[in-house]
Protein chains: 2
Amino acid sequence: MRYNLTIKKTLFFPLHAFPNKEIVYRDINRYTYRRFYERLQRVASSLENIGARGAKIAFIDWNTHQYLEGMFAIPMMGSILHCVNLRLAPEEIVYTMRYVEDDFVVIRDEFLPLAEKLAPHVPSVKGWIVTGDDVDKVETSLKPVYIWEDLVKEGSSYDFPELDEHETAVVYFTSGTTGLPKAVHFSHRQVVMQCIINGLALSANESPARMSSADTIMHIPPFFHGMGWTFPYLATMLGMKQVLPGRYEPQVMLDLIKNEGVTFAGGVPVFLKMLIEHPEAEKYKDALSKFKFVCDGEHPQRVLFERAKQLGIKMIEAFGMSEGVGFTFAVLKDHMLDWDWERQVEYLNKAGLPAPFVEVRIVDDEGKEVPRDFQTMGEILIRSPGLTEGYWKNPEKTAESWDEEGWFHTGDLGVWDEEGYILILDRAKDVIKSGGEWISSVRLEGYILEHPAVSEAAVVAARSEKWSERPIAVVVPKPGMSVTEKEIIDFLMKNFVETGKMAKWWLPDRVFIVDEMPRTTVGKINKRAIREKYKDLVLP
Amino acid sequence: MRYNLTIKKTLFFPLHAFPNKEIVYRDINRYTYRRFYERLQRVASSLENIGARGAKIAFIDWNTHQYLEGMFAIPMMGSILHCVNLRLAPEEIVYTMRYVEDDFVVIRDEFLPLAEKLAPHVPSVKGWIVTGDDVDKVETSLKPVYIWEDLVKEGSSYDFPELDEHETAVVYFTSGTTGLPKAVHFSHRQVVMQCIINGLALSANESPARMSSADTIMHIPPFFHGMGWTFPYLATMLGMKQVLPGRYEPQVMLDLIKNEGVTFAGGVPVFLKMLIEHPEAEKYKDALSKFKFVCDGEHPQRVLFERAKQLGIKMIEAFGMSEGVGFTFAVLKDHMLDWDWERQVEYLNKAGLPAPFVEVRIVDDEGKEVPRDFQTMGEILIRSPGLTEGYWKNPEKTAESWDEEGWFHTGDLGVWDEEGYILILDRAKDVIKSGGEWISSVRLEGYILEHPAVSEAAVVAARSEKWSERPIAVVVPKPGMSVTEKEIIDFLMKNFVETGKMAKWWLPDRVFIVDEMPRTTVGKINKRAIREKYKDLVLP
């Protein structure tokens, strides 16, 4: 009898060892793992009663305890969970739901008006289930309508079936910065292997942001985002106390960090930035000095590490993608542990070392591995037991990104350093090719961000008649400060060009000062939108 | 394309992140992981040339770097490694080799006389390969004969094949304290899952003996023993520096701990005891104060924890068996971390909490789970992704120990405490049933060991005319000390019976003072031999 690595089995450890540890949703709900599991059983039995076993179930909610219940109960009963990106435009949401052919939709009460708009376009839906902080009765034209809490209340004990580990557990969509979002799907086994890879990489070392079962984790990234959906399974597998913040609100998060003793979180850099830049952040210094943050989804700039350090926050970078979540982690090696911080941060601020079992190659245009010289850029390829096997129902896109040896071509460009850490220099589509030479937008942004008045910077390619492409920069000044194009250029000249750190032809042709960066639905800076905005600009 | 969890993949992380970390065999050999891998390739290519791909290959050696190479190269090339218990009697070794039908035998030069005796009885063997510290030429009647170092020298680069994860990687035999040894076999996936289970259980916490990739591990238990063969794969997966001590010699081990900076080891209690009781142990106090020890295979007595603590050694108990290696680990929970040591050791000195993914039940004679009252004893059942699926080529014995739901019946008797930690009270066959009531030999031994002159104690059942069975004790005094039967009985009366800690009928009927305990081939106290010795004793 073969053992199946299924999501159900991540619950064995916490239910046995930590049945009374808590899962907390804001100041609205708190219960133990034991109670959590009872609710999983109850809601699953009710879902089965309404015909949702083996169904595809869309979930549209903030990071609430009800959503966490759905993340376990739905795949554990043999159904498929579709984590809907609620920040997509309604027509994009319709696209993803029609693509999955969702049978049921679980939706937070505040989104009912959206649901009513979607309903006529998703004929596969056989029922709507409403979550919310206080849902008694639901007034809606949707039908049939159920209430999540009623399903829990009316449910009974339930034996979750023994599933084949290769059955699909979760599907969600890439954020789609290049064309239509693509459906990424994971089997139970891939979810479990993600937990294991992330767990080993983050805990079996002596690095500053080390994770353990003694941590209290807050789930900051939305559950429809890569790291967002992995960490709840990982935290459960290790028996951590879990804190659910609902939607992203810095004040609420700071209070939760303090009041619930949160010590760990992951997310894109802007989530940490907003906490750190909150006007009252200093007041939370005691709590933040125990807080660790794993930065994923986007290369965090050095200044963010410095600001984090001032508050006592321990921070590392990591690299993953929707297609596989955890690839590399910037944990320190043994011999770096007694280095001073200035030297450590050079490594903490890289994408990091491949996790156990993850294979990484960086290859040039001919598929040859590049040397570990920190200079030669190539495309990053990945093989991992936590990787999806391809895009769901899309053999064409799958064939574009996977080769016949199982290597996933990430489309990210990076270099190796001599210690085997990756630095990601660009998305292939973001790289700037000026006069046949590559300019790394990520490195150039880093230089601009060292200007004391700059809060955020994004560098993209603009069309140039002579050079084909030239870099332009978009800059957000720090609150209450101002900066001019000339000041930025002068700063770069003086500190980087004249000191020999940067070639002169890397200087951006234009610097635009703006109030705010456009962002993707998962909080990354949206470079496609910036390129779009300046598409008519033609440089000499 | 599905990802196969195979042994090859435990090497990705160390080869990438720590190619220059060392693997050290005494003061005889030291090389890096990079060189280790080159040697794996070379030896595998030569083994293939002599027809050993897909073969069953027996290994008879101490814990040397050559054996470590065999543990990886052999299964990685698609052959099966048979770890021979070299402490078995020659006829038992023949039995195990005939059972496996070994095609090749790798044998250390000092055992060649043994090999020559075995050879006529194992006709399946097509070749003999000799390891050793300095093997130039081999004088033997065996043929054909190869030399391991020649195979390495003559070998070339080699692409280890992509194997199915369910292929058999390793086979070895239970120590056979009850009848003929049984063949335990593990697939590649089960080996990998063992690494993962042990790795997560030992690293993702804040417990005293926590393991990380920054540790230097010494492989004390012989590789033919459960923990012995798991930890090398685990240490490799995490990229630890590894130290191979050859055969067990306390002086050599203490020197290696000091000179190589060893911080971690596992093993049966007697291994630690012999280090601690070495006359020069105090001289190694600095090095030992960084040393962590996971005690497996036998319940260590409380006094061992106390002696370890005096030297600064951090120690925890764990529970595994040949059939599955890592089941439970006595790591501390978060709320115990600031307890004083006296209170902590009550938990450190239990078999511990089930590791992630390991399911444990303790059931009474009717198969019902016993309450967590620390009193009600039952048999321990296990399900785990690292468990063998049964005894090799032995459906009958498999059916005796596995039920149709995949539960392995360990034959160990234990209780749960209120925190979910197991305490193992006896092997089913060691338990004493006096007048219909159970006496735990393990608990009674613990009481006797509190006597200041006692070094070791074993309690077994002897026949009684009136009570069916009665306990007798065998006691080894501490070096240079003496103790009498009457002193032991008086001590138990005064300290345990009169204080109400122990029922009077638990007092052993006889206490025998001996110079030495009989031990099994893996270093456990051999209770079968003790029972055998006193089998003609009949108590009133």
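Mentor: In chain B, strand 17 and strand 18 (residues 378-383) pair in the antiparallel sense over five bridges. Strands here are DSSP runs of E with at least two residues, numbered from the N terminus, and two strands pair if DSSP finds at least two bridges between them. Within this pairing, V360(B) has I382(B) of strand 18 of chain B as its bridge partner.

The model is predicted, so to speak of local features requires pLDDT of at least 70 and side-chain atom pairs count only at pLDDT 80 or more, while totals for chains, interfaces and linings use all residues. Residues are numbered from 1 along each chain as its sequence is written, chains are lettered from A and ligands numbered from 1 in the order in which they are written, and side-chain values use heavy atoms, with hydrogens and water left out.

The two strands belong to an open sheet of four strands in chain B, with the order 17-18-19-20 and antiparallel pairing. Strand 17 (359-363) and strand 20 (422-427) of chain B each have a single partner strand, so each stands at an edge with one side left without a neighbour in the sheet. On average, neighbouring strands of this sheet are turned by 45° against each other, direction ignored; the axes are lines fitted to C-alpha atoms, and angles run from 0 to 180 degrees between N-to-C directions.

Another pairing in chain B joins strand 8 (residues 168-173) and strand 9, again in the antiparallel sense over five bridges. There, V170(B) has F186(B) as its bridge partner in strand 9 of chain B. Five of the five residues of strand 9 (residues 183-187) of chain B are buried, so this strand is largely enclosed by the rest of the structure. Buried means under 20% relative accessible area, exposed over 50%, and partly exposed in between, with a 1.4 Å probe and protein chains only. From strand 9 of chain B, A183(B), H185(B) and S187(B) point one way, and V184(B) and F186(B) the other.

The loop between strand 17 (359-363) and strand 18 (378-383) of chain A holds F374(A). Phi of F374(A) is near 65°, a positive value in a residue other than glycine, and F374(A) is partly exposed, with a relative accessible area of 24%. Most residues other than glycine have a negative phi, and most peptide bonds are trans. In chain B, the peptide bond from K143(B) to P144(B) is cis, with omega near -10°. P144(B) lies in the loop between strand 6 (127-131) and strand 7 (145-147) of chain B.
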